[in-house]
Amino acid sequence: MANKQITQMAIANALKKLSDTMPFEEISVQDISIECGISRKTFYNHFEDKYQLVDWIFRYEIGDKLIAETSLNDWKRGSLLLCRYLKENKKYYENVLNFEGQNSFKEYLYDLTERQIHILTEELQRKKETLKNRQITEEDMEFIINFYYHAFIGEISVWAKQGMRVSSERLVELWIGMVDQTLENFVIKFSD
């Protein structure tokens with residue numbers, strides 16, 4: 001592992017440790033630097049702010065894997081991967097999911113959802129002969145992204161606020177039951 005990545009991981013672990021005892025909005029870059037034993041300058045050599053750090057942690061630990069797992073044929077595997085990861089890092093994600101506002105973690109999750117929906121709709125259009133030459137308008141694509149984002153992130157947020165008591169498997173089972181085939185149906189109905 002390169003020195004840069006080792007330092008980034010140490011900074012990430014410091015934020016996670018602080019999240020065990022402090023609300024995310026109260027944690028400062030100075031707090032993270034002290035916990036990690038580095039200078040603020042070193043922190044800023046790696047991250048613009050604590051929000052970019054939160055996004056980096058998620059992308060590094062799971063986000064890129066979720067994109068790689070995004071497939072029409074197996075929503076379950078990627079969804080289970082996400083839920084199990086969140087549960088393994090329960091205290092930290094309960095904390096960052098509660099933070100609302102500009103640069104929140106939920107903004108990063110919106111971007112992730114957008115990327116996944118684009119991947120899925122392109123895959124759907126490639127696989128379904130009847131959809132090959134049909135297009136989805138930008139407005140309809142925005143609706144699809146917002147629908148899935150609010151449905152999934154809303155449920156993830158409620159799950160986190162309730163202490164993630166429901167198993168990852170049960171949450172995903174419920175999720176799949178609600179959304180299975182909805183993307184395909186929407187594309188068939190609303191694409192030109």
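Buried means under 20% relative accessible area, exposed means over 50%, and partly exposed is what lies in between (1.4 Å probe, protein chains only). Keep that to hand for the exercises below.

This is a predicted model, where local features need pLDDT of at least 70, side-chain atom pairs count only at pLDDT 80 or more, and totals for chains, interfaces and linings use all residues. Residues are numbered from 1 along each chain as its sequence is written, and side-chain values use heavy atoms, with hydrogens and water left out.

**Exercise 1. The overall picture**

Work out how many helices and strands the protein has, and what box its C-alpha atoms fill.

Solution. Start with the secondary structure: there are 10 helices and 0 strands. Helices (H or I, at least four residues) and strands (E, at least two) are DSSP runs, numbered from the N terminus. Read from the N terminus, the elements go α-α-α-α-α-α-α-α-α-α. Next, the box: along the principal axes, the C-alpha atoms take up roughly 60 × 35 × 30 Å. Then look at burial, where 44% of the 192 residues count as buried. For contacts (heavy atoms within 4.5 Å), take those with a separation of 6 or more: 71% of them join residues 24 or more positions apart. Accessible areas come from the Shrake-Rupley method with a 1.4 Å probe, and for residues only the protein chains shown count as cover.

**Exercise 2. Salt bridges**

Count the salt bridges, then say where Glu61 and Lys16 lie and whether they are buried or exposed.

Solution. First, the rule: a salt bridge is a side-chain nitrogen of Lys or Arg within 4 Å of a carboxyl oxygen of Asp or Glu. As background, side chains of opposite charge can pair when their charged atoms come close. The count by this rule is 5 salt bridges.

Among them is the pair of Glu61 and Lys16, whose closest N and O atoms are 2.8 Å apart. Glu61 lies in helix H4 (residues 50-69) and Lys16 in helix H1, so this pair ties together parts that are 45 residues apart in sequence. Both Glu61 and Lys16 are buried.

Another one joins Arg77 to Glu69, with 2.3 Å between the closest N and O atoms. Arg77 is partly exposed at a relative accessible area of 46%, and Glu69 is partly exposed at 24%.

Finally, Glu173 and Arg170 meet in a salt bridge at 2.5 Å, N to O. These two both belong to helix H9 (residues 168-179), 3 residues apart, about one turn of the helix. Glu173 is partly exposed at 47% relative accessibility, and so is Arg170, with a relative accessible area of 40%.

**Exercise 3. Charge on the surface**

List the residues in the negative patch and in the positive patch.

Solution. A charge is placed at NZ of Lys, CZ of Arg, CG of Asp or CD of Glu. In total there are 25 positive and 31 negative side chains, and the centres of the two sets lie 5 Å apart.

Patches are made of residues with over 30% relative accessible area and no salt bridge: like charges are joined within 9 Å, and nonpolar side chains (Val, Leu, Ile, Met, Phe, Trp, Tyr) within 5 Å. Glu107, Asp111, Glu114, Glu138, Glu139 and Glu142 make up a negative patch. H7 and H8 are the elements that give two or more residues to the negative patch. From H7 comes Glu114, partly exposed at 31% relative accessibility. Glu139 is in helix H8 (residues 138-161) and counts as exposed at 59%.

For the positive patch, the members are Lys87, Lys90, Lys91 and Arg165. Lys91 belongs to helix H6 (residues 90-98) and is partly exposed, at 44% relative accessible area.

Methods
Lys and Arg count as positive and Asp and Glu as negative; His and the chain ends are not counted.
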